[in-house]
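Subject: Structure handover

Dear colleague,

Here is the structure for you to take over. My notes on what was found in it follow below.

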Amino acid sequence: MCVCVCVRDSGDKYSVLLPTYNERENLPLIVWLLVKYFGESGYNYEIIVIDDGSPDGTLEVGEQLQKIYGKDKILLRPREKKLGLGTAYIHGMKHATGNFIIIMDADLSHHPKFIPEFIEKQKEGNYDLVSGTRYSGNGGVYGWDLRRKLISRGANFLTQVLLRPGASDLTGSFRLYKKKVLESLVERCVSKGYVFQMEMIVRARQLKYTVGEVPISFVDRVYGESKLGGNEIVSFVKGLLTLFATT
């Protein structure tokens, strides 16, 4: 059985940024799914893997994927150690040739099947950014225990009350940006870790950028351990209060 692959002549190109740390089991699966859904939808794309010195051999897996899919589709742009999510995006954007940037997690919690919906939503309203939302429409979260759900819901609720950003999911990290918009936002953002995604939406509203939303199903990681810990929660609260005081 063959898969129908259509080719679109819009001239747009989508650069997917995949920051990784210890994702050797997940990387082959997420890349295969990205290739599948981009191939079926016909949009031009590239996948940029930004590995932060993973000790589990994630980078070596990426090198094998390059041999399978080609260096024009899989770009490896590693760094020596973990330096933060914001700097990972900056690093990836320097090498991106697309006029649109897609950011997502590499742990399979964000399914690439939603990407064509992101693209269609962006085109529909010429939005500056499109954010996946777990808390609107038929979006949802699967595989989390009660603690994780309470933390996420609580963080989102606090953010809505204090910052009134005009978007339903502030802490998610599955988004599509116009490249120039992402560059502008990253230059202004000062937060690190999980607060970074929240600040991006808040700054976008400040700068009058338009934001579209697509309901998504978020599924807890299949392989590996969650990187959310007590330090990240404390950092989130501090970052939220800083944004409240300065925006």
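A nonpolar core here is a set of buried Ala, Val, Leu, Ile, Met, Phe, Trp, Tyr and Cys residues joined through side-chain atoms within 4.5 Å. Buried means under 20% relative accessible area, exposed over 50%, and partly exposed in between, with a 1.4 Å probe and protein chains only.

This is a predicted model, in which local features need pLDDT of at least 70 and side-chain atom pairs count only at pLDDT 80 or more, while totals for chains, interfaces and linings use all residues. Residues are numbered from 1 along each chain as its sequence is written, and side-chain values use heavy atoms, with hydrogens and water left out.

The cores

The largest nonpolar core has 32 residues, and Leu18, Leu34, Phe38 and Ile47 touch the most other members. Elements giving two or more residues to this core are β1, α1 (27–41), β2, α2, β3, β4 and α4 (115–125). Helices (H or I, at least four residues) and strands (E, at least two) are DSSP runs, numbered from the N terminus. Helix α1 supplies the largest share of the core, 7 residues. Another core, of 27 residues, lies apart from the largest one and includes Ile50, Val186, Cys189 and Met198.

With residues up to four places away in sequence not counted, Leu34 touches Val16, Leu18, Ile47, Met104, Pro112 and Ile115. Contact means heavy atoms within 4.5 Å.

The whole chain

The protein chain comes to 8 helices and 9 strands. Of its 247 residues, 51% count as buried. The chain exposes about 12000 Å², and carbon and sulfur atoms supply 55% of that area; accessible areas come from the Shrake-Rupley method with a 1.4 Å probe, and for residues only the protein chains shown count as cover. Among contacts between residues at least 6 apart in sequence, 81% join residues at least 24 apart.

The sheet

An open sheet of 7 strands runs in the order β3-β2-β1-β4-β7-β5-β8, with mixed pairing. Two strands pair if DSSP finds at least two bridges between them. The edge strands, β3 (74–76) and β8 (211–215), each pair on one side only. Neighbouring strands of this sheet are turned by 20° against each other on average, direction ignored. Axes are lines fitted to C-alpha atoms, for helices over the stretch in contact, and angles run from 0 to 180 degrees between N-to-C directions.

Strand β4 is described here from both sides. It pairs with β1 in the parallel sense over 4 bridges, and Leu17 stands opposite Ile103 in β4. Strand β4 (residues 100–103) also pairs with β7 (residues 175–178), in the antiparallel sense over 4 bridges. In β7, Tyr177 is the bridge partner of Ile101, and Leu176 is that of Ile102. Phe100 and Ile102 point one way from β4, Ile101 and Ile103 point the other way, and all are buried.

Helices against the sheet

Helix α2 (residues 58–69) lies across β1 (13–20), β2 (44–51) and β3, running at about 150° to β3. In helix α6 (residues 179–188), the buried residues are Lys179, Val181, Leu182, Ser184, Leu185 and Val186. These buried residues pack against α3 (85–95), β4, β5 (129–133), β7 and α7 (195–206).

Gly98 is found in the loop between α3 and β4, and is buried, with a relative accessible area of 3%. Leaving aside neighbours within four places in sequence, Gly98 is in contact with Lys13, Ser15, Glu46 and Lys179. Glu46 is 52 residues from Gly98 in sequence, but the two are 7.7 Å apart in space, C-alpha to C-alpha.

Thr20 is found in strand β1. It counts as buried, at 4% relative accessibility. Apart from neighbours within four places in sequence, Thr20 is in contact with Leu27, Val49, Ile50, Asp51, Asp52, Ser54, Thr58 and Ala106.

Ser41 is found in helix α1 and counts as buried, at 8% relative accessibility. The side chain of Ser41 reaches the backbone oxygen of Tyr37 at 2.8 Å. A polar contact is a pair of N or O atoms within 3.5 Å; within protein, one must be able to donate a hydrogen and the other to accept it, and residues adjacent in sequence count only if both atoms are side-chain atoms.

Regards
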